[in-house]
Every structure is written in C-alpha cells, then in structure tokens.
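I opened my notebook to look up a few points in this structure.

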Amino acid sequence: MIEDRLLLYKFKRGESDALRRIYEKYEVYLLTVATALLNDMDAAEDVLHDSFVAFAESAHKIRLEGNLRSFLATCVANRCRDLMRKRSRNPESLNKAASFTCDEKGPEPAAICNERLERIARAIALLPYEQREVVVLHLKAGLIFKQIAGLQKVGVNTVQSRYRYGIEKVRSILNGEVTR
Amino acid sequence: MRPVENIEKLINRLRVEPRVEMSKRNLNDALAAHKRVIGSVSSRPTIWRIIMKSRISKIGAAATVIIVGILLSMIVLDKTGAPAFGMAEVMAAMAKAEWMHMTWEYDEPNTGFELIEPEIRESWTSVNPKRNITVYNNGKVNFTEYSKDEIKAQQYDVETNLLTTRYISTGRNYSYTTIIEMVLVGIAEMKKRGATVEYIDSVDNSQPVKIINIDNIDDNNVHFKTSTIADVRTRLPIRSTVISEKQGYTTTVNIIFDYPQTGPTDIYQAGAPPNAEVKVIGQKITPEFLEMIRPYRAARESLPQQRIVVEVANDNDNSSVVSVIYTNGIKERFEQLSYIRNDTSPETEDFKTIWNWANRTIRNESGNFRIQLNDGAVVHGAYRSYFNPWTREELSLSHYGTGFLVTGLINRGWPTIKTGAFVENDYAVKNNLLCIETLREPRFTGDSKLAEAAEKTLYYIDPEHDYMCVRIESFRHPVPPPYGNTAVNVLVFDPIDIPFEPYLVTEVVQFSLTDTGHWYPSCIITTNKQSWSDPGSGWEMREKTFDIRLYIDTNPEFPDSIFDPESLPR
C-alpha cells in the first residue's frame with residue numbers, strides 16, 4: 001500500500017520508472033481480470049493498453065481515494081463494460097477464446113489444472129455480463145461488494161444476489177459438463 | 001457436486017500470461033503518453049515547491065506592516081503630546097467600517113524587489129469574520145479567513161492554476177479580532193523598532209486633512225517611509241504613499257483606501273478561476289490519513305517493550321545531557337543529568353561500557369539531576385540541582401498526560417503525530433520518504449499577547465527503516481522570551497506567514513539494528529537556530545547544535561528494585 005503511494009507520488013512527478021513499476025506490478029492481474037470479463041485475449045490486451053495509456057495521461061489529474069490496485073481494476077472493468085455494450089450493438093464482433101493458466105503451484109499436474117481453469121473460464125463466459133462482472137471483480141480483482149455496487153450503480157444487495165446467482169450458475173454449468 | 005468454495009478458489013487461481021510483444025507495446029505507449037503529459041507541463045513544480053518558492057508570504061507580511069503603520073499613525077501621539085486622533089474616535093470609526101479596501105499602484109517598475117516580492121493590485125481586510133485578501137498583479141491570490149475553531153488559508157498560483165487550501169484547527173476565538181486589535185499589536189512592534197512619526201495639518205481637495213509621516217524598519221530590514229493622508233472628520237485614511245528601501249533598491253507604491261459595504265467572501269470572488277485545480281491540506285483526522293499513518297503507528301507499537309536506552313547529547317556550548325531510561329512496557333524509570341562537560345563519552349558501540357559510563361557520570365557529576373519513576377499510575381520524582389539537595393515529588397500520571405511513557409527510543413524515532421496531512425515534497429520524494437505536515441496556530445496569552453508564533457512541522461518517515469521518523473523540520477518566526485510579555489510580530493496573525501527556512505532540524509544520520517531486528521536511530525543531529533540565551537545583558541538568539549547518540553539493550557537484566565519508588569534518593 002505504502003509502496004503504491006510512493007509509486008504514485010513519483011508517477012505524478014513524471015518519473016517513468018514509477019510507471020514502469022506500476023505496469024509490471026499489475027499487468028498480469030489486470031490482464032487476467034480483463035480476459036475473464038471479456039473471454040477474449042485480443043480485446044483484453046487492447047483494454048489493458050488503453051487503460052494504461054489513459055492512466056499515464058492522467059498523471060496530473062489523478063486523485064486516489066482508495067488503493068491503486070482497485071483503482072486500476074475499476075478502470076479496466078469500466079472499459080470492458082463499454083466494449084461489451086459496443087459488441088451488443090455490433091454482434092459481428094467475434095470472441096477469441098482466452099487461454100488461462102494456473103497462477104500457483106499446486107499438487108496437481110499443470111495440464112490438469114489448466115484444463116480445469118479453461119472449463120471454469122468458459123463457464124464464467126456463459127454468465128450474463130452483470131453476474132460475470134461481479135464474480136470476476138470480487139474473486140479475481142479483489143473488489144469488495146460495496147465497490148462493485150458503486151461501479152454498477154446498483155445496491156449492495158443486488159450485487160450480492162448477482163454474485164450468488166453467478167456462482168450457482170457456474171457450478172451448475174460445471175456439473176452439467178461432468179455429467180454429460 | 002462442486003462446492004461453492006472450490007469454484008471460488010478456482011476462479012481466484014485464474015491467470016493469463018501476457019505476451020512479450022504486447023507488454024512492450026503497452027508499456028512503451030503508456031510511457032510515451034506519460035512523457036507527453038509531463039512534458040507539456042514539465043516546469044510544473046510540486047505543491048511543496050509552489051508553497052516554498054512563492055513569496056506571497058513576504059509581500060503579505062509587508063502589506064500588513066504597511067497597513068498597520070498607516071493605522072498606527074492615527075493613534076500615536078504627535079509632537080505636542082496630544083493624540084493625533086482620539087483612540088475612542090478611531091475605534092468608533094473603524095468599528096463602522098467592516099471592510100477596508102486598498103488599491104495599490106506602483107509608481108515605477110518594481111525592479112529592485114521583483115525577485116522577492118510580486119506586486120499587489122488590491123487587497124481587503126474585513127473584521128467580522130476576520131479575513132485578509134490580497135490580489136497580485138501576476139494573478140496570484142491570497143485569502144485567509146478566521147472562524148471560531150478553524151483558519152482557512154488559501155493560495156491561488158496562476159502559473160500552475162493550483163489552488164491550495166489549508167485548514168488549521170484553532171482553539172482561539174477570532175471573533176474579537178478587529179482591525180484595532182491588529183493596530184494595537186502593530187503599535188508595540190513599531191515602538192519597539194523605534195518608528196518616528198510626524199503630523200502635519202493640511203488641506204486636500206478643499207477638505208482639512210492630517211498628513212502623517214512614519215519612518216520604520218521592519219523585521220526583514222526593509223526601510224518603510226509612509227506618508228498618509230487621513231480625513232479629519234472620519235479619522236480614516238484616504239491614501240498613502242509607501243517608499244520601501246532595501247539594499248539600495250527602492251519601490252514606491254501609492255495606496256488608495258475605500259470602505260465598501262462588502263468585499264470578496266471567498267477566493268473565487270477575489271479572482272481565482274473556477275477551473276483551478278484544488279489541493280486541500282486538511283489538519284483534521286481523515287480516514288486516508290489514518291490509513292497512511294497506520295504502519296508508522298504499528299512500527300511504534302512493535303518496538304521491544306523491555307529495554308534500556310542510554311542517550312548522550314552534547315551541544316556546541318560544552319554542555320551535555322546524559323539520560324538512562326529503563327522500560328518494561330508498563331513501568332519506566334528515567335534518569336537524566338545536565339552538566340557542563342568536562343570529559344567526553346567513551347567511543348564505543350558496546351552497550352555495557354556506555355551504560356556503566358553513564359551511571360558513573362550521572363552519579364559523580366555535579367549538575368541538574370532528575371529521576372522520574374512512572375509506575376503506571378503515579379510519577380515519583382526526585383530532583384537535585386547544582387546547589388540544592390534532593391527534593392521529592394509525587395504526581396498522578398494524569399498530571400503529565402498520556403504521552404508520559406514515550407521517552408527515549410520512541411520520541412527520538414517515532415514521535416507522536418496526532419494529525420496532519422501527507423504532502424508532496426522534493427526532499428521526501430528524492431529520498432523515498434513519506435512526509436507529514438502539521439500546522440499549529442500561534443498561541444496567545446489570556447490578554448492576547450503572543451506566546452508562540454504559528455509553527456509548521458514536517459515529519460519525514462522512512463518506510464525502509466521500520467517507518468522511523470528520520471527528519472523533522474520546524475518553521476516559525478522567532479519569539480524572544482520571556483514568553484507572553486510582548487506582542488512581537490504582526491506576521492504571526494496569518495498562518496501563511498511562516499518562514500521559508502526551518503529554524504529547527506532534527507535528522508537521523510545513523511541507523512542501527514537492535515538484537516530483535518528493529519531499526520533505531522543511533523545518531524541524531526539537531527540544529528536549533530532559535531535557541532535563546534540570557535548572558536545577563538538581555539535575551540540573545542543563537543544557533544545551538546546537539547549531537548545525540550542512542551545505545552540500546554533490548555534484553556536487559558534490570559537492576560534490583562529499579563522500579564521501586566523507595567529506591568529514589570531523598
């Protein structure tokens with residue numbers, strides 16, 4: 001947290017090393033969030049690109065209320081939502097499937113882990129966008145329900161319901177896959 | 001059936017590996033955008049620079065002195081010994097005028113003072129509520145408003161389009177602060193400076209007027225020659241000419257007075273644009289401040305509770321203070337001797353050696369020796385001076401306040417910071433430190449005389465060394481003792497008027513690690529430029545430097561009965 005504050009101080013003062021460090025620190029995290037939201041690697045990369053360029057351009061204007069990580073995740077989520085709206089108007093846009101990998105070393109072989117994650121990512125992609133956004137932002141981006149409620153401009157109870165429905169639906173989809 | 005927890009864990013483990021080309025492209029584009037934005041305002045200084053480089057304070061001060069001088073002229077005795085205007089009449093006239101407006105016209109280019117003082121275009125002073133507003137020819141604006149428990153000090157800087165607002169909490173009620181009160185403070189100041197006053201009866205526009213000439217030298221060694229024309233009927237100044245001289249440079253300014261019904265009641269009405277970027281430095285405790293200060297406080301709390309600290313402070317006057325502080329986390333024993341140094345402490349890093357030396361010194365030297373034992377409820381004290389034997393005292397802990405236990409290690413490395421604001425600052429950024437600014441309003445005695453000037457303190461915290469406070473800078477105008485006897489300086493009325501250079505700097509120049517792995521300051525240098533001494537011929541301000549060394553044992557075996565009040569000398 002304090003490191004982020006220092007990075008932000010330096011970033012606002014024009015130190016490129018600070019921006020580089022922020023990018024390197026949060027690149028994987030933000031790309032994962034964007035990919036999970038969009039289920040499209042190319043689009044996620046573009047969102048990450050545009051988010052960071054906009055962040056860099058806001059060096060003098062930025063005023064951080066919370067922490068930098070949540071701030072960046074919110075920026076990415078907003079851009080993903082804008083993109084999804086455009087897609088709904090232009091349905092010819094095609095998704096390029098995302099490719100997820102395990103983020104930690106577990107007892108299971110990497111191939112099995114990766115396959116599981118692929119399946120869960122596919123299940124998430126089948127959720128209505130509002131539910132997907134809540135699930136991804138809460139579990140992967142680490143945002144609390146109150147923050148997501150602010151982002152979606154709905155009440156906290158609605159967000160919690162979306163989360164519950166979303167998780168249940170993912171579970172049903174995965175169970176359906178198993179039994180099929 | 002997959003449990004919900006498993007699904008949540010799986011989602012949490014999602015990870016996408018970025019492609020190298022994408023990373024490069026994103027980062028390069030972001031860096032280019034950053035460079036573009038920064039480059040477009042490359043000369044933009046930080047808030048700190050804005051404040052420090054701004055000379056608003058100085059001209060504000062000069063303006064105040066001039067105004068006070070003009071008003072003063074109305075009530076100082078003239079050559080005949082009779083009041084130029086009766087005090088009661090002046091006060092009555094001024095009481096009616098709640099707003100005083102001044103238009104400033106410089107006769108000639110302000111070449112001599114250009115580098116240190118921007119030119120004023122106009123200014124206002126209001127009485128209820130008290131406000132000082134100054135608008136400069138370069139677009140800068142100063143706005144200060146005093147309320148019952150808060151001072152709002154604002155500065156607008158046109159070069160950066162930045163409006164800085166500072167809120168300073170105050171326990172002082174400014175509702176009685178009138179122009180006349182400011183005049184009274186000014187009287188004391190100008191009399192002290194030996195101002196000369198001359199009164200001439202004259203006529204202006206067929207009206208009888210009084211011309212008042214004042215000759216005065218201010219704190220900054222600027223020589224003011226003020227000539228004021230005042231209306232005999234209203235007792236209020238009409239216009240004034242002020243010639244300022246310093247180091248061979250001269251500036252002449254004509255001031256036209258008028259007394260409007262109202263004036264600008266906020267900085268925007270005074271000329272700051274609505275689109276100015278706003279930066280607020282509040283002194284109230286905010287959630288953000290608490291979040292930022294948390295690791296500092298946590299580091300303070302995590303220091304080893306059981307410890308003995310030996311502190312040796314040598315000053316540049318051949319005086320020393322040796323302290324030994326024993327703490328077990330609940331009880332504390334504090335022994336301190338102040339004496340004229342006749343030998344130096346041994347050059348060693350070994351705790352036992354220095355502790356034995358400190359104990360020998362404390363008990364053998366003649367000097368002011370005090371012991372305080374805090375048992376958690378009562379503070380037992382024993383004192384001995386050069387000439388007096390031991391005396392004892394017992395006071396409840398509440399007499400000393402809750403901060404009594406924080407001596408030695410804590411107050412040297414982690415001093416109490418109750419409130420403040422995190423600020424940007426060149427020194428902090430350059431050295432990877434966090435900087436907290438605290439502001440304290442001036443303190444006055446019950447009869448409104450000055451006890452302490454307004455003070456700003458900057459604390460620099462080092463996250464790399466257990467959030468230790470590695471540097472403290474304090475800024476204030478000097479106030480000679482005996483405190484509360486003199487209304488010294490009208491400048492202290494405005495919290496913006498704080499000097500640019502610190503009078504007190506405390507810096508940790510050497511760190512060490514305790515056996516428990518905690519950083520502590522092992523050598524501190526303190527420089528106080530406002531140390532007062534009375535050699536018998538009056539108070540004199542001089543510079544005093546302390547070299548403070550700390551030695552710590554975090555696994556002590558406390559001497560028997562060290563915390564027993566009965567062990568204190570009688």
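I began with a hairpin in chain B of this predicted model. Strand E24(B) pairs with strand E25 (residues 468-476) of chain B in the antiparallel sense, over eight bridges. I looked up one of the bridges: B:Thr457 has B:Ser474 in E25(B) as its partner. Between the strands of this hairpin lie five residues. There, B:Asp466 takes a positive phi near 55°.

Next I checked the other pairing. Strand E21 (residues 434-440) of chain B also pairs with E24(B), in the antiparallel sense, over seven bridges. Here B:Leu434 has B:Ile461 in E24(B) as its bridge partner.

Is E24(B) mostly covered or mostly open? I found strand E24 (residues 455-462) of chain B mostly covered, with eight of its eight residues buried. In a regular strand, side chains alternate between the two faces of the sheet.

Last, I turned to the cysteines. How many disulfides are there over all chains? I got zero. For B:Cys435, the closest cysteine sulfur is in B:Cys469, 9.2 Å away. A disulfide needs the two sulfur atoms within 2.5 Å, so this pair is too far apart for a bond. B:Cys435 is buried, with a relative accessible area of 0%. A:Cys75 counts as partly exposed because its relative accessibility is 23%.

Terms used: Residues are numbered from 1 along each chain as its sequence is written. Chains are lettered from A and ligands numbered from 1 in the order in which they are written. This is a predicted model: local features need pLDDT of at least 70, side-chain atom pairs count only at pLDDT 80 or more; totals for chains, interfaces and linings use all residues. Side-chain values use heavy atoms; hydrogens and water are left out. Buried means under 20% relative accessible area, exposed over 50%, partly exposed in between (1.4 Å probe, protein chains only). Helices (H or I, at least four residues) and strands (E, at least two) are DSSP runs, numbered from the N terminus. Two strands pair if DSSP finds at least two bridges between them.
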